[in-house]
Amino acid sequence: MLQAERAAGALLPEYHRATPECPHPERWHMYDSMTAEAEVLEFLRTLVTTLKPELIVETGSFLGVSTLWMAEGMKANGFGKIVSCEFDPVVFAKAQEKIAASGLAEFIELRNESSLEMQVKGTIDILFSDSDMPIREAEVKRYLPQIRPTGLILMHDASSHLKTVRDAAFSLEAEGLVSCIFLPTPRGLVLAQKREGRR
């Protein structure tokens with residue numbers, strides 16, 4: 001959070017080290033080391049305007065930056081809701097302030113709870129999994145029954161040097177639950193769909 005406060009919303013060069021799949025991370029940008037890369041935020045917003053989701057579930061709100069980028073897409077669409085959770089109460093309070101001041105709060109339901117306990121009603125069009133890395137596989141499995149067959153699952157932090165999430169995605173794929181594409185961003189982004197959606 002200190003890094004984000006010091007940056008004060010300025011774009012910084014991406015700091016993650018090079019990987020075989022992304023040899024030039026310096027070509028990307030970030031607002032801080034916890035929020036998704038700026039280019040990934042743009043991708044999220046474009047996904048929202050392209051797919052027109054009614055319900056997005058986001059895990060790991062952090063300071064609410066990715067939440068707001070997706071909400072901008074919903075505002076452009078004229079409808080939709082994001083249910084986003086942040087477990088840390090201090091971080092949650094900061095995200096709450098940012099969202100309240102954004103003019104986009106009508107599209108966001110921010111919760112201070114665990115993604116593994118959160119109850120969400122309805123069919124999920126997009127799941128953006130960006131919480132604590134060790135629980136990502138359990139998180140996707142938890143929400144999988146609610147995800148629309150043609151819906152999307154995104155898992156951030158899936159680069160080859162952040163092996164936990166990458167391995168979780170491979171495991172979900174090996175179980176026949178999802179089909180994955182690994183996007184070569186500095187921190188790695190998995191784009192997946194339920195296998196049953198491919199039939």
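Modeller: The discussion below covers cores, strands, a loop residue and open space. This is a predicted model, in which local features need pLDDT of at least 70, side-chain atom pairs count only at pLDDT 80 or more, and totals for chains, interfaces and linings use all residues. Residues are numbered from 1 along each chain as its sequence is written, and side-chain values use heavy atoms, with hydrogens and water left out.

Colleague: How many residues are in the largest nonpolar core?

Modeller: That core has 27 residues, and Leu44, Ile56, Met70, Ile108 and Leu154 have the most contacts inside it. A nonpolar core here is a set of buried Ala, Val, Leu, Ile, Met, Phe, Trp, Tyr and Cys residues joined through side-chain atoms within 4.5 Å. Buried means under 20% relative accessible area, exposed over 50%, and partly exposed in between, with a 1.4 Å probe and protein chains only.

Colleague: Which elements give two or more residues to this core?

Modeller: They are α2 (38-51), α3 (65-77), α4 (89-100), β5 (108-111), β6 (124-129), β7 (147-156) and β9 (189-194). Of these, α3 gives the most, with six residues. Helices (H or I, at least four residues) and strands (E, at least two) are DSSP runs, numbered from the N terminus. Apart from this core lies another, of 23 residues, including Leu55, Val140, Ala168 and Ala169.

Colleague: And what is Ile108 in contact with?

Modeller: Leaving aside neighbours within four places in sequence, Ile108 is in contact with Thr67, Leu68, Ala71, Ile82 and Ile99. Contact means heavy atoms within 4.5 Å.

Colleague: Turning to β9, why is it described as largely enclosed?

Modeller: Six of the six residues of β9 are buried, so the strand is largely enclosed by the rest of the structure. Leu189, Leu191 and Gln193 point one way, while Val190, Ala192 and Lys194 point the other way. In a regular strand, side chains alternate between the two faces of the sheet.

Colleague: Which strands does β9 pair with?

Modeller: Strand β8 (residues 178-183) pairs with β9 in the antiparallel sense over six bridges, and β7 pairs with β9, also antiparallel, over four bridges. Two strands pair if DSSP finds at least two bridges between them. Val190 is the bridge partner of Phe182 and also stands opposite Met155. β8 and β9 form a hairpin with five residues between them, and Gly188 in the turn has a positive phi of about 85 degrees.

Colleague: New topic: is Ser61 buried or exposed?

Modeller: Ser61 is buried, with a relative accessible area of 3%. Its place is in the loop between β3 (55-59) and α3. Beyond neighbours within four places in sequence, Ser61 is in contact with Thr67, Ser84, Cys85, Glu86 and Leu110.

Colleague: Which residues line the largest cavity?

Modeller: Ser61 is one of them, and the lining also includes Met34, Gly60, Phe62 and Asp130. About 40 Å³ of space lies in this cavity. On a 1 Å grid over the protein atoms alone, a cavity is a set of points where a 1.4 Å probe fits but cannot get out, and lining residues have an atom within 4 Å of a point. Grid points are joined across faces, edges and corners, and a volume is the space filled by probe spheres set on the points.

Definitions and conventions: 1 Å grid on protein atoms, 1.4 Å probe; cavity = no way out; pocket = protein on both sides within 12 Å on 5 of 7 lines; lining within 4 Å.
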